[in-house]
Each structure stands twice: as structure tokens, then as C-alpha cells.
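Let's take a friendly walk through a model, with the charged side chains and the ligand as our guides. Have your viewer ready.

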Amino acid sequence: MFQLIAGPCAAESKEQLLTIAKQVSSIGGISYFRCGIWKPRTRPNLFEGVGEKGLSWLKEVKEETLLKTLVEVATPLHVEKALSFGVDALWIGARTTTSPFYTEEIARSLKGVDIPVFIKNPLNPDIKLWIGAIERFNNSIKNDNSKNIFAIHRGFSLADNGKYRQSPYWKIPIELKRIFPYLPIICDPSHICGNREYIKEVCQSALNIGMDGLMIEVHNNPEKALTDSKQQITPLQLKNLIEELIFVKQQSLQNSSILSLRKEIDDMDFQIMDILKRRMDISLSIAKIKKEENISILQVDRFSNMLKTRLEFLGESSPISSEFIKDLFELIHQESIRIQNEKMKE
Ligand code: PEP
Ligand code: MN
């Protein structure tokens, strides 16, 4: 089932929560009403969440709107409090997933509990940390029919995040899907974008690759929000967004023209690999000569010139980006150097 999760970044007051929740629930199809009770802040003395009293507000929200509730927990004490107030599901924040000490402790405090846990990716693009956290919760909570574990893709902190607050770096959630095909992955465009202008495009990219849900920050007055004010949208904007998004079909492909185009792609990929192998064979012949003549493997001028001519060949009108060509030839060149090094050792 597609998971649509919405709610403010943080609980600020009972009125704020109830106002947002009522408007959000009128949209229909909402799986969980999210809100942060304890807010992880990069620096001290910023708004750190309302704490436990937010849980009692959330209980009222649930009674009044019948929405299921979802909060972030970062310590066993948070878990205990959230469970005692009847919260329906928990999420593990990006900063928490980064530390195996924390995830282990929280997972242990949920031993045998039948509750959905949504695990955000770690801040750094390390898929192993994400998998480790997923495994820890999977081993600890009650998870009949694998219905209780979800991953949330909230973007990664790279040296250059482009126009986004966090890089989507889609290859990591795609790799997670390859490793765990049945694990639902929810996209959190709000924390990826950091700016509401881009939310729609990131949602659509997530839907296009078959992600299983969206978690979107919604506030009745985003400009005045105490946290993440630039990225939150109003309930009305959420309603419009959902109407505008194209929910692509998820079933496996039967369309015959796509199947035959895929066959062409398969053939081409094998040709590319064959050419690469032949190219590396030539590198080996060069390595042999370099060894005989005692010449260094790395010829910096040659590599710079190689990149320059490849980029010129690409031209301006190609849909392929020059960054991709640069990355590709850097990789090919690295592999060629590695192979030549091996040859030199013989
Ligand atoms: C949040 O969802 O409000 C949050 C703090 O997210 P993250 O852990 O992804 O930064
Ligand atoms: Mn937030």
C-alpha cells in the first residue's frame, strides 16, 4: 500500500497540531500524521521540540481526526514515552541511523513490540549503516509478514549538494531496493529539498522509480514555523501537489515495444563491455612496453588531453552531461592504471 505521510516538522502547540491535522485529514488517503516532539538540532539553544507534552497533544489529534501518529525517537526513554501515549509508529532520524550504538540501544528497547518503524538513511552516503539499522530493528521488533519495517530516503550530505539541502543521490535507495526488493522505501522530499519550490520535482522522481510512499512536511503557516520553515508546505498545497503528481504504474512491464527496446539496450551493454575489454587489452600491451623501457605508468598530459578530446567529441547538443563523461573516463583511466600496475608487478 502506498504510504502518504504528512505533518509538521515539529509540534509547536496543541492548536497548531490540531489545525494542521484536521486540514490534512480532509485530504484523505493519509497513512500517518508525522511530527517531531524532540528535535535534533545541529547547534544548541535552538528550538529543541516541546518534549513529552507534545505526546498528549498528539493523543488528542488521534482521537479527534482518527489519523495514525508517527514520531521520531532517538533514545530508549523517547520510545518508552511514545509507547505510553499510544503513538502508532516511530521513525529513526538520519543522525541516529549514523550511529550503530544508538540504533542498537533503541532497537533493544523495542524488543518484541509490534509497531511499524521507519528508518531514515544516515546523513552520510553509507548504505551499510542504513542496512545495519534496518537489520537491527528487523531482529528486534515483532515483524510478522515483514509489515513493520520501512526505509525513508531523506537525502545525503555530500560535499556539494547542488541546489538541494541534501543530495538525493538516487543510486543508494535504488541499491537498497535491489538488496531488499520487498522493503518499502518512502521518499522524504522535504529534507532533500530544504526549499518547497523543488518538492514536486523530487516527489515525481521518487514516483518514477517506484518508491512506495512520500513523507512531506506540512504546516498551517510555514513562514512562521519554528523549524524548517523554507521547506514546509500548507495542507492546501499538499492537496494540490497530490493531484498534480503522476502515480506511475508499478506492475512489471508487459509492453512489447519496451521489451524489444530493452533487448537492444542489453545488446549494446554487452558491446560496450566487449569494447572495454579490448581497450584494457591495449593498455596491457602499452604496460609491457612501459615496463621494458622503464617509463612511468601515469602520464598526466595524456590523461588531460584524453578528457579534453572526449568532451569536445560530446558536443553541446548531446543529452549526456559533460560531468558524466568526465566521471566515466576517470573510472576507465583508473582501471587502466590498476591493470597496468598489476602487469608491472609480474
Ligand atoms: C525530520 O523528519 O523532521 C528530521 C529531523 O529529519 P532527518 O532526521 O531526516 O533530518
Ligand atoms: Mn524537519
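R165 itself is partly exposed, at 34% relative accessibility.

Before going further, a word on the ground rules. This is a predicted model, in which local features need pLDDT of at least 70 and side-chain atom pairs count only at pLDDT 80 or more, while totals for chains, interfaces and linings use all residues. Residues are numbered from 1 along each chain as its sequence is written, chains are lettered from A and ligands numbered from 1 in the order in which they are written, and side-chain values use heavy atoms, leaving out hydrogens and water.

The structure holds 25 salt bridges. Another one of them joins K163 and E201, whose closest N and O atoms are 2.8 Å apart. Here too distant parts of the chain are linked, 38 residues apart, with K163 in the loop between β6 (149-153) and α7 (171-179) and E201 in helix α9 (residues 199-208); helices (H or I, at least four residues) and strands (E, at least two) are DSSP runs numbered from the N terminus. K163 is partly exposed at 46%, and E201 is partly exposed at 34%.

A local case is the salt bridge between D274 and R278, at 3.4 Å from N to O. These two are four residues apart in helix α11 (residues 256-293), so about one helical turn separates them. Elsewhere, E104, R108 and R136 form a network of salt bridges.

Now turn to ligand 1. Among the residues around it are C9, K39, W91, K120 and E217, where near means a heavy atom within 4 Å. Oxygen atoms of ligand 1 lie 2.5 Å from a polar side-chain atom of R154 and 3.4 Å from one of H191. Taken alone, ligand 1 exposes 300 Å², of which the protein buries 97% (Shrake-Rupley areas, 1.4 Å probe).

Technical notes
A salt bridge is a side-chain nitrogen of Lys or Arg within 4 Å of a carboxyl oxygen of Asp or Glu. Buried means under 20% relative accessible area, exposed over 50%, partly exposed in between (1.4 Å probe, protein chains only). A polar contact is a pair of N or O atoms within 3.5 Å; within protein, one must be able to donate a hydrogen and the other to accept it, and residues adjacent in sequence count only if both atoms are side-chain atoms.
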